[in-house]
Amino acid sequence: MSEPEFRPGLADVPVAESAISFIDGKRARLEYRGIAVEALARESTFEETSWLLLKGALPTQRELALFDRDLKQNRSLKYRQIDILKCLPPSGHPMEALQASLAALGMFFPAKEDAWESILHLVAKTTTLVAAFHRVRHGEEALAPREDLGHAANFFYMLTGKEPSAPVARVLDACLILHAEHTMNASTFAARVVGSTQANPYSVISAAVGALSGPLHGGANEEVLEMLDEIGDHSKAKAWLEDAIATKKKIMGFGHRVYKVKDPRATVLQELAEHVFTETGRPAAYETALSLEAAANTLLGPKGIYPNVDFFSGIVYSSLGIPRDLFTPMFAMSRVVGWLSHWTEQMRHNRIFRPEQVFTGQRDQPFIPLEQRP
Ligand code: SDX
């Protein structure tokens, strides 16, 4: 029998059947349960989109009202859950705090918890954990969630103590919608692999957070702003890019395994950024980003390398006053819905992941006693 073909990064290798989302990487098309993400970002809310992804169809009015109520009832943290956050080093990265606190969260609930209960805890509390860690690391008290605010507005309130304006809440809500799901990316695959062992869903989500944190995946949004700082003025973008390509640097926020055109989420995020800037004014980083994109269109476009979701999200968040190291945790706050949708699907037709390897080592070696080794 011939050796199976090895594909580094499992490129083009299907690892599951899934009905959750669909990407056409040549036509910049992303659909959640058949609905274009642009329509959802414009018309829907994070709560409604979450139900769509988790349950497979848009909710009725009554289903949405009950889901909204359930999320509100599950947002708050117990004292000891906040105490865990207080014990973590304040200088540590909030993604590490999120991964640790989500794993610990599972210890507070019964081992055989009903799956929907776990989903409610995880979707509702991930947001509270991100906001609470940010406050306690600065020596402030964590704020209890408010019952009168939606998911996105409530996050902003728990983070800053201020209720966001309606346009800011809307932009945040749209950002959460845009990040909620994206087929078989690395963190979703991690969630499926851990879920396939029948580990508890808190371990599943904590593993996915770890996978998302890397700079090749969700961590890129934070690094985009570092890169734009390094470039400095927009007039320097083209020369910086030429040098980066010559020295084989990765351009953060560019390139994608599936998209060979501009990521449709980047296009919507850019529109949202422009919308925010009518209130706040255009930051210098955005001018630099535009010049970088223009230069990249010529220099990287022919290789199918264009801006991805992480290119504009950080610019939007920082213009709302959100610190850089919270960009990836905000991605996780939203993607928890996609991970849980995949976990649910995996559990319905589960078989433990156990792929093959191509063995490249030595075989049948003798054991040489220590004193005889050279
Ligand atoms: C996310 O998968 C998902 O769906 C992820 C995501 C989601 O919603 O879950 O969309 C979120 O993770 C977005 C991606 C964020 N990461 C970055 O922005 C980091 C920079 N981009 C990359 O390193 C890269 O493009 C990846 C990781 C996104 C994709 O990696 P691949 O598919 O393994 O591609 P590759 O690294 O093998 O690159 C292929 C070629 C190489 O050139 P050659 O060796 O063939 O000459 O394209 C070049 C690469 O050098 N290339 C880049 C580049 N991206 C690809 N060159 C410079 N800068 C880049 N950003």
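Over the face of which ring does Lys55 lie at 4.0 Å from the ring centre? Lys55 lies over the face of Trp116 at that distance, and Lys55 also lies over the face of Trp51, at 5.1 Å from the ring centre. A charge is taken to sit over a ring if NZ of Lys or CZ of Arg is within 6 Å of the ring centre and within 35 degrees of the ring normal.

The model is predicted, and local features therefore need pLDDT of at least 70, side-chain atom pairs count only at pLDDT 80 or more, and totals for chains, interfaces and linings use all residues. Residues are numbered from 1 along each chain as its sequence is written, and side-chain values use heavy atoms, with hydrogens and water left out.

The structure contains 10 aromatic pairs. Rings of Phe, Tyr and Trp (its six-membered ring) pair if their centres lie within 6.5 Å; planes under 30 degrees apart count as stacked, over 60 as edge-to-face and the rest as tilted. Phe67 and Trp116 form a tilted pair, with 5.8 Å between centres and 35° between the planes. This pair links distant parts of the chain, since Phe67 belongs to helix α3 (residues 61–73) and Trp116 to helix α6 (residues 115–137), 49 residues apart. Helices (H or I, at least four residues) are DSSP runs, numbered from the N terminus. Phe67 is buried, with a relative accessible area of 1%, whereas Trp116 is partly exposed, at 22%. Buried means under 20% relative accessible area, exposed over 50%, and partly exposed in between (1.4 Å probe, protein chains only).

A further tilted pair is formed by Tyr317 and Phe327, at 5.7 Å centre to centre and 50° between the planes. Because Tyr317 lies in helix α15 (residues 309–319) and Phe327 in helix α16 (residues 327–348), the pair ties together parts that are 10 residues apart in sequence. Both Tyr317 and Phe327 are buried. Elsewhere, Phe254, Phe277, Tyr286, Phe311 and Phe312 make up one aromatic cluster.

The ligand is surrounded by 22 residues, of which the closest are His182, His217, Arg257, Arg265 and Arg335; a residue counts as near if one of its heavy atoms lies within 4 Å. Polar side-chain atoms of His217 and of Arg335 each lie 2.7 Å from an oxygen atom of the ligand. A backbone N or O atom of Gly253 lies 2.8 Å from a ligand oxygen atom. A polar contact is a pair of N or O atoms within 3.5 Å. The protein covers 70% of the 1100 Å² of accessible area that the ligand has on its own, as computed by the Shrake-Rupley method with a 1.4 Å probe.

Terms used:
Helix = DSSP H or I, 4+ residues; strand = E, 2+ residues; numbered from the N terminus. Polar contact = N/O pair within 3.5 Å; in protein donor to acceptor, adjacent residues only side chain to side chain.
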